[in-house]
Amino acid sequence: MPDDVPADRLLVTVAPTGAETTKADCPQLPTTIDELVRTAVECEAAGAAMIHVHIRDDQHAPTLDLGRLKETVAALKESTGLVVQLSTGGSVHDPLDRRLKVLDAEPDSCSLTMGTTNFGDDVFSNPWPFVCELYQLSQERGVVPEFELFDLGQVHALTRLLAKYGLPAGGKVHCDLVMGVPGGMNGTTDALVASVRDLPPEVTSWSATGIGRSTLPVALAALSKGGHLRVGMEDVLTLSRGVPVESNRQLVERAVELGRAAQRTPMTPGEARTLLGVA
């Protein structure tokens with residue numbers, strides 16, 4: 001595999017489940033390991049190269065159970081070639097020490113949110129000492145982080161983190177702009193342009209996620225700036241007004257179609273590993 005990925009390649013990450021939507025409200029949400037594996041296989045075939053994973057327990061509630069995390073990572077790696085990224089955010093109610101233990105499941109990648117965010121009526125807590133501890137742990141374990149940025153303050157915090165602790169495992173710096181969360185930055189072109197402008201020079205690639213009705217505007221803005229895309233039922237549950245998403249594959253297919261219109265070719269999982277510095 002060459003050291004560089006062709007500039008026209010598009011990394012599509014699928015975030016199939018999340019921690020907010022209930023199975024009762026959305027029966028098609030993949031919450032069991034078998035459902036996650038089926039979703040992953042479908043989405044890889046449709047053009048996804050990385051999967052961002054939250055897990056659920058037997059009652060379909062969010063959990064950070066280490067045994068289930070390990071089982072999920074193993075099942076996804078056995079059935080697909082996708083880069084497996086575990087969320088270290090969990091749900092907004094998970095304690096910090098449990099979130100650190102996510103790395104014990106030995107994923108390829110982990111999410112690393114760069115600050116505390118009001119998340120609707122809740123608070124997604126990421127105090128600076130926790131961010132630093134999680135980052136250093138990811139370096140020690142050789143787990144490649146994806147830095148999740150919910151506002152411009154977190155963009156600046158990434159600059160501060162890299163200056164203090166150096167580059168992540170693999171030597172590449174990939175971040176995801178999470179846009180449109182109530183309490184975070186707007187899901188608009190202007191907000192995306194401002195965020196990309198302020199990214200630290202160490203950043204080697206970035207993607208964007210539009211929550212809810214900001215999904216399409218953010219995707220189009222990201223493509224226009226040369227970025228990558230994260231899509232999935234964690235972030236949006238409708239294809240258009242009144243039309244529910246039936247599967248994550250539909251969202252990946254739409255992202256791939258948008259990419260092709262921008263003359264971007266879906267990245268293979270192997271190319272994604274090169275881009276991200278995943279061993």
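Because the model is predicted, local features need pLDDT of at least 70 and side-chain atom pairs count only at pLDDT 80 or more, while totals for chains, interfaces and linings use all residues; side-chain values use heavy atoms, with hydrogens and water left out.

**Stop 1: the barrel.** Select the strands in the order β2-β3-β6-β7-β10-β11-β12-β13 and you have a closed barrel of 8, paired in parallel. From one strand to the next, the twist averages 30°. Strands here are DSSP E runs of at least two residues, helices are H or I runs of at least four, and both are numbered from the N terminus. Two strands pair if DSSP finds at least two bridges between them.

Zoom in on histidine 174, whose bridge partner in β12 is serine 205.

Stop 2: Now select 66-79, helix α2, which lies across β3 (50-53) and β6 (83-86) and runs at about 165° to β6. Then try 248-261: this is α8, lying across β2 (12-14) and β13 (228-231), at about 165° to β2. Lying across involves contact, meaning heavy atoms within 4.5 Å. Axes are lines fitted to C-alpha atoms (for helices, over the stretch in contact), and angles run from 0 to 180 degrees between N-to-C directions.

**Stop 3: α1 against α2.** On the α1 side, Ile33, Leu36, Val37, Ala40 and Val41 make the contact; from α2 come Arg68, Glu71, Thr72, Ala75, Leu76 and Ser79. Sorted by class, these are 7 nonpolar, 2 polar and 2 charged residues. (Ala, Val, Leu, Ile, Met, Phe, Trp, Tyr, Cys and Pro count as nonpolar, Asp, Glu, Lys and Arg as charged, and the others, Gly among them, as polar.)

**Stop 4: α7 against α8.** Select 215-224 for α7, which packs with α8 at about 35°, axes 10 Å apart. Show side chains for Thr215, Leu216, Ala219, Leu220 and Leu223 in α7, which meet Arg254, Leu258 and Gly259 in α8. This contact has 5 nonpolar, 2 polar and 1 charged residues.

**Stop 5: the largest cavity.** Which residues line the largest cavity? Select Thr215, Leu216, Ala219, Leu229, Val231, Leu251, Arg254, Ala255 and Leu258 to see the lining. α8 gives the most, with 4 residues. The space inside is about 50 Å³, and the structure holds 4 cavities of 30 Å³ or more.

On a 1 Å grid over the protein atoms alone, a cavity is a set of points where a 1.4 Å probe fits but cannot get out, a pocket is an open set with protein on both sides within 12 Å along at least five of seven lines, and lining residues have an atom within 4 Å of a point. Grid points are joined across faces, edges and corners, and a volume is the space filled by probe spheres set on the points.

**Last stop: the largest pocket.** This pocket holds about 450 Å³ of space. Of its 26 lining residues, Glu20, Phe119, Val181, Ile211 and Glu234 are the closest to its centre. The lining has 11 nonpolar, 10 polar and 5 charged residues.

How values were computed: Residues numbered from 1 in each chain as written.
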